Amino acid sequence: TLESISLQTKKPFKIIIVDAGNITVDHQYFAHIFSLKGIQYEVISSAPGLTHQRNTGIQHVSSTLTLFLDDDVELN
């Protein structure tokens, strides 16, 4: 999902990752990649559960337009 976002012509202002998994992800790598493209990258830890994760994420949003994507989404 993150790779496909980075390839879009219209890029988001900010990406917020709500991480409730037990898989190790190199968030520093992605933060660096997105910072080079002028995109803010934030990681928030959360308890598992789709509704809980989205409610946790929405508390950190300051924009009027928000898009929720799951980790298996690939944008074209």
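The model is predicted, so local features need pLDDT of at least 70 and side-chain atom pairs count only at pLDDT 80 or more, while totals for chains, interfaces and linings use all residues. Residues are numbered from 1 along each chain as its sequence is written, and side-chain values use heavy atoms, with hydrogens and water left out. The largest nonpolar core has seven residues. The largest pocket has a volume of about 1,400 Å³. The count of aromatic pairs comes to two.

**Terms used throughout**

- Helices (H or I, at least four residues) and strands (E, at least two) are DSSP runs, numbered from the N terminus.
- Buried means under 20% relative accessible area, exposed means over 50%, and partly exposed lies in between (1.4 Å probe, protein chains only).
- Contact means heavy atoms within 4.5 Å. The contact lists below leave aside neighbours within four places in sequence.

**Nonpolar core**

- A nonpolar core is a set of buried Ala, Val, Leu, Ile, Met, Phe, Trp, Tyr and Cys residues joined through side-chain atoms within 4.5 Å.
- The largest one consists of Leu2, Ile5, Ile15, Ile17, Phe34, Ile39 and Tyr41.
- The elements giving two or more residues to this core are α1 and β1.
- Leucine 2 is in contact with Ile15, Ile17, Phe30, Phe34 and Tyr41, neighbours within four places in sequence aside.
- In soluble globular proteins, nonpolar side chains tend to be buried together.

**Aromatic pairs**

- Rings of Phe, Tyr and Trp (its six-membered ring) pair if their centres lie within 6.5 Å; planes under 30 degrees apart count as stacked, over 60 as edge-to-face and the rest as tilted.
- Tyrosine 29 and phenylalanine 30 form an edge-to-face pair, because their ring centres are 5.2 Å apart and their planes stand at 75°.
- Phenylalanine 34 and tyrosine 41 form a stacked pair, because their ring centres are 5.8 Å apart and their planes stand at 10°.
- Tyrosine 29 is partly exposed at 47% relative accessible area. Phenylalanine 30 is also partly exposed, at 22%.
- Phenylalanine 34 is buried at 1%. Tyrosine 41 is buried at 15%.

**Largest pocket**

- On a 1 Å grid over the protein atoms alone, a pocket is an open set of points where a 1.4 Å probe fits, with protein on both sides within 12 Å along at least five of seven lines; lining residues have an atom within 4 Å of a point.
- The volume, about 1,400 Å³, is the space filled by probe spheres set on the points, which are joined across faces, edges and corners.
- The lining has 37 residues, and the closest to the pocket centre are Ile15, Ile16, Ile17, Val18 and Leu69.
- Helix α1, β1 (14–19), α2 (27–36) and α3 (50–58) each supply at least two lining residues.
- Strand β1 gives the largest share, six residues.
- By type, the lining divides into 21 nonpolar, nine polar and seven charged residues. Here Ala, Val, Leu, Ile, Met, Phe, Trp, Tyr, Cys and Pro count as nonpolar, Asp, Glu, Lys and Arg as charged, and the others, Gly among them, as polar.

- Threonine 1 sits in the segment before α1. Threonine 1 is partly exposed, at 26% relative accessibility.
- Threonine 1 and valine 73 are 72 residues apart along the chain, yet their C-alpha atoms are separated by 5.3 Å.
- Contacts of threonine 1 are Leu69, Asp70, Asp71, Asp72 and Val73.
- Serine 4, in helix α1, is buried at 8%. Serine 4 touches Val73, Glu74 and Leu75.
- Serine 6 belongs to α1 (residues 2–6) and is buried at 10%. Its contacts are Lys11, Phe34 and Lys37.

- Asparagine 22 lies in the loop between β1 and α2. Asparagine 22 is exposed, with 77% relative accessible area.
- From asparagine 22 to proline 48, 26 residues apart in sequence, the C-alpha to C-alpha distance is 9.9 Å.
- Glutamine 40 is in strand β2 (residues 40–45) and is partly exposed at 37%.
- Glutamine 40 contacts Phe13, Lys14 and Ile15.
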